[in-house]
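The structure is shown first, and my entries follow.

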Amino acid sequence: MKKSHIVEKLLGDLSRYTPSNKAVTAYAPTNIALVKYWGKRNQELNLPMTSSLSVSLTDKGATTTLSVSAIAQDVFVLNGKPVPTTSVFYQRLLCYLDLFRPFKTFYFNVDIVSTVPIAAGLASSACGFAAMALALDKFFSWQLSSQQLSMLARLGSGSACRSIWPGFVEWHAGEREDGMDSYAEPLSVQWPELCIGLMIVSDKEKTIGSREAMQRTIETSELYKSWPQKVAHDLVILKKAIQEKDFDLLGKTAESNALAMHATMLSAWPPVSYYLPETISAMHRVWQARAEGVPVYFTQDAGPNLKLLFVDKDRARRYFPEIAVMQA
Ligand code: PMV
């Protein structure tokens with residue numbers, strides 16, 4: 001099944017919609033998964049093998065402004081600079097936007113302002129595609145529900161479906177082949193004291209993208225067979241931890257889940273490792289801090305940097321003065 005079929009299911013006849021004659025703007029936060037999404041059951045539609053649960057970072061995200069281009073060409077600008085037409089990012093954006101104008105009757109002017117620290121391994125595609133889905137909804141006056149917008153964002157990037165909301169968000173894996181039951185929903189609990197500290201150990205380009213790494217893991221890792229069970233278990237525990245505001249339980253579950261995800265990659269062939277020597281040192285510093293009684297945990301995505309989890313900002317900063325603290 002093609003992405004365009006899903007767009008048709010969600011929107012019906014696209015010719016019913018005309019683009020706005022004014023510029024429209026939308027914001028979406030980036031999100032950090034505490035129970036990870038690792039592995040697709042459908043690569044075209046970004047349908048996951050398992051459910052996942054994230055927390056959005058209130059003030060780190062993307063603001064996207066859409067208008068009809070004044071020239072006969074799409075113009076994409078990121079943080080004030082034109083996106084080169086030859087870049088992967090340009091092509092990805094173009095493919096996505098083409099889904100919504102089958103006959104290319106107009107060109108897009110897209111202006112993205114991102115507050116996500118560049119090259120820090122924070123999901124910039126998550127907030128990027130979520131902000132885009134929200135902006136498109138205004139641009140064409142679709143008036144879609146958040147659930148539908150979540151599915152639309154997912155077609156751009158899997159984890160983007162969680163960035164439609166602030167706070168804690170669960171992405172239901174769903175079972176349907178067309179993915180119409182695979183969307184994210186917010187949890188009703190707020191936990192404003194929860195902080196994420198970004199610990200950058202390297203700003204180099206990652207050696208392998210998450211799409212390829214996931215696929216290789218599914219195809220070759222023995223350990224991946226136990227991943228769905230691990231996720232199912234961790235989701236139950238994490239939701240309990242959030243409900244009861246049990247920080248140690250949240251931290252332990254998130255850290256253990258991230259380590260298990262990386263273990264599935266290490267057991268793939270050829271092995272996938274996002275670990276640098278500095279990543280391991282950083283982990284040891286976190287474990288040392290905990291041994292000294294500081295409640296701090298980490299999580300790690302498809303990159304070498306760690307995201308520290310804590311509730312006591314001052315104490316965490318004393319141990320890790322270099323981190324950038326972000327509010328959940
Ligand atoms: O949505 P993608 O293709 O960027 O994949 C994200 C995967 C992880 O960040 C590693 C985990 C997650 O759930 O966000």
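Helices (H or I, at least four residues) and strands (E, at least two) are DSSP runs, numbered from the N terminus. I worked from a predicted model, in which local features need pLDDT of at least 70, side-chain atom pairs count only at pLDDT 80 or more, and totals for chains, interfaces and linings use all residues. Residues are numbered from 1 along each chain as its sequence is written, and side-chain values use heavy atoms, with hydrogens and water left out.

**Entry on P295**

I located P295 in the loop between α8 (277–291) and β11 (297–300).

I looked up its contacts (heavy atoms within 4.5 Å). Leaving aside residues up to four places away in sequence, P295 touches F247, D248, L309, F310 and R315. The C-alpha atoms of P295 and R315 are 8.8 Å apart, and the two residues are 20 apart in sequence.

**Entry on aromatic rings**

I searched the whole structure and found 16 aromatic pairs. Rings of Phe, Tyr and Trp (its six-membered ring) pair if their centres lie within 6.5 Å; planes under 30 degrees apart count as stacked, over 60 as edge-to-face and the rest as tilted.

I noted F168 and W191, whose ring centres are 6.5 Å apart with planes at 50°, so this pair is tilted. F168 lies in strand β8 (residues 168–171) and W191 in the loop between β9 (184–186) and β10 (195–199), so the pair ties together parts 23 residues apart in sequence. F168 is buried at 2% relative accessible area, and W191 is buried at 7%.

Key
Buried < 20%, exposed > 50% of the residue type's maximum accessible area, 1.4 Å probe, protein only.
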